[in-house]
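Open the model in a viewer and keep the selection panel at hand.

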Number of protein chains: 2
Amino acid sequence: METVKVKDLPPRTVERLSKYRRLLSKYSIDEKNFIYSHDLARLLNLTPVQVRRDLMLIGVSGNHRRGYNVKELIDHISKIIDTENGHNLAIVGMGNLGRAVTAFIRKNETKMNIVAGFDIDSEKTGKEIAGVNCYHVQKIQDKIKELEIDIAILTTSPDATTEIIQLLIQNGIKGILNFTSVHLDIPKNIYLKNYDIITSLEEIGFFIK
Amino acid sequence: METVKVKDLPPRTVERLSKYRRLLSKYSIDEKNFIYSHDLARLLNLTPVQVRRDLMLIGVSGNHRRGYNVKELIDHISKIIDTENGHNLAIVGMGNLGRAVTAFIRKNETKMNIVAGFDIDSEKTGKEIAGVNCYHVQKIQDKIKELEIDIAILTTSPDATTEIIQLLIQNGIKGILNFTSVHLDIPKNIYLKNYDIITSLEEIGFFIK
């Protein structure tokens with residue numbers, strides 16, 4: 001198998017690379033220097049073939065006797081996944097869910113920097129909430145430019161979502177993680193992940209009947 | 001195309017059925033009685049063929065002139081997706097994220113009933129939090145039985161997750177929505193959905209580079 005151009009990696013592979021790295025970071029704390037593909041596979045409920053294929057796609061092959069060098073592998077995945085300065089994120093909607101997600105991300109070690117929150121509630125705007133400055137949504141245009149925000153996490157109320165999304169798109173947001181259960185009709189050049197809690201619960205409910 | 005046994009519907013179809021229903025419920029408020037597959041498709045960014053195929057799988061075909069009867073379609077999807085009494089859910093981990101997710105689900109009209117929360121923090125246990133009784137995790141066994149809980153939403157801290165998950169599985173939980181970013185190694189008969197926020201953000205970050 002050949003390595004592919006980084007841009008052409010399948011989304012599922014990128015997802016798994018992110019998980020490999022997270023796991024390896026914990027692994028390396030225990031001062032283990034090498035890991036076999038079958039251990040990595042077992043820890044993530046994958047097949048060793050899948051793991052080796054993913055890593056070959058990014059040009060890494062293990063040593064037959066000792067497996068993969070953990071530190072080198074972490075560094076290599078980081079080089080592929082991360083940009084040098086990470087990404088600047090905004091949370092749009094600083095209600096319960098917005099604050100909780102902000103706190104969750106800030107607790108994790110990641111190159112994702114939450115640099116702004118947006119809301120319309122004057123109780124929230126102009127304040128620091130969950131460690132992040134909260135601005136009025138009217139400032140979305142200014143702040144996206146000023147703070148070089150390229151990813152938005154949507155935790156708005158359903159009614160507000162359609163209008164907000166137009167504003168975000170017009171001002172150059174490139175990626176969206178959508179928690180709102182509202183279907184977003186967005187241009188193809190914007191990368192969208194939906195966390196539709198109700199639909200996911202209904203799917204779970206259906207399959208455990 | 002033939003209808004399939006309900007149990008054999010693909011997960012993606014079930015996901016879309018849930019979305020059709022949510023959309024149709026809003027649609028019917030405007031007193032529209034019929035909808036064409038191409039309208040349903042447009043509103044959800046799908047192809048009309050996809051919509052017609054999904055609905056044929058559950059034995060529904062539209063009227064060529066008028067499209068689908070909205071009310072009948074909602075009822076039919078509900079018959080397929082819902083159980084009569086819905087599902088009883090527990091939130092495990094009543095921190096910020098757990099409370100926010102609880103509030104979010106309770107605001108939505110759904111057959112998903114959150115009947116218990118669990119935590120280890122004595123500040124929380126024995127109280128009503130976000131409208132739900134919060135119990136100590138030691139009561140998981142009793143409460144799952146007593147309240148007939150079959151789905152758990154995991155919003156615990158990463159350290160606590162592995163132990164909690166054993167407890168849930170041993171006591172007959174059948175479905176899990178996992179917000180913890182911890183990889184869960186669970187038996188195949190348990191239906192698992194992962195909402196791995198960090199991995200999803202890294203995936204978005206990668207593809208918008």
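What follows is a list of selections, each with what is found there.

This is a predicted model, in which local features need pLDDT of at least 70, side-chain atom pairs count only at pLDDT 80 or more, and totals for chains, interfaces and linings use all residues. Residues are numbered from 1 along each chain as its sequence is written, and chains are lettered from A and ligands numbered from 1 in the order in which they are written.

**Chain A as a whole**

Select chain A and show its C-alpha trace, which spans about 60 × 45 × 35 Å along its principal axes. In cartoon view, chain A has eight helices and nine strands; these are DSSP runs (helices H or I, at least four residues; strands E, at least two), numbered from the N terminus. Of the 209 residues in chain A, 40% are buried. Buried means 20 or more other C-beta atoms within 10 Å of the residue's own, exposed means 12 or fewer, and partly exposed lies in between, with C-beta atoms placed from the backbone. Two residues are in contact if their C-beta atoms, placed from the backbone, lie within 7 Å. Among contacts in chain A between residues at least 6 apart in sequence, 58% join residues at least 24 apart.

**The contact between the chains**

Now show both chains: 45 residues from chain A and 45 residues from chain B make the contact. On the chain B side, the elements giving two or more residues include α1 (11-29), α5 (96-107), β7 (149-154) and α8 (197-207). The most come from α8(B), with eleven residues. By class, the chain B side has 23 nonpolar, twelve polar and ten charged residues; Ala, Val, Leu, Ile, Met, Phe, Trp, Tyr, Cys and Pro count as nonpolar, Asp, Glu, Lys and Arg as charged, and the others, Gly among them, as polar.

Stay on α8(B): nine of its eleven residues are buried, so this helix is largely enclosed by the rest of the structure. Among the buried ones are B:I197, B:L201, B:I204 and B:F206.

**The α5 pair**

Select residues 96-107 in both chains. α5(A) and α5(B) pack at an angle of about 150 degrees, with their axes 8 Å apart; axes are lines fitted to C-alpha atoms over the stretch in contact, and angles run from 0 to 180 degrees between N-to-C directions. The two helices are therefore roughly antiparallel (angles over 145 degrees). Residues in this contact include A:L97, A:A100 and A:F104 of α5(A) and B:L97, B:A100 and B:F104 of α5(B). By class, the contact of α5(A) with α5(B) has eight nonpolar, two polar and two charged residues.

**The core**

Which residues touch the most other members of the largest nonpolar core? They are A:A152, B:A152 and B:I153, in a core of 70 residues. Such a core is a set of buried Ala, Val, Leu, Ile, Met, Phe, Trp, Tyr and Cys residues joined through C-beta atoms within 7 Å. Centre on A:A152: leaving aside neighbours within four places in sequence, A:A152 is in contact with A:A90, A:V92, A:L168, A:I173 and A:I176.

**Last stop: A:L23**

Select A:L23, in helix α1 (residues 11-29) of chain A. A:L23 is partly exposed, with 18 other C-beta atoms within 10 Å. Beyond its neighbours within four places in sequence, A:L23 is in contact with A:L43 and A:L44. A:L43 is 20 residues from A:L23 in sequence and 8.3 Å away in space, C-alpha to C-alpha.

Terms used: Parallel < 35°, antiparallel > 145°, perpendicular 65-115°, else oblique.
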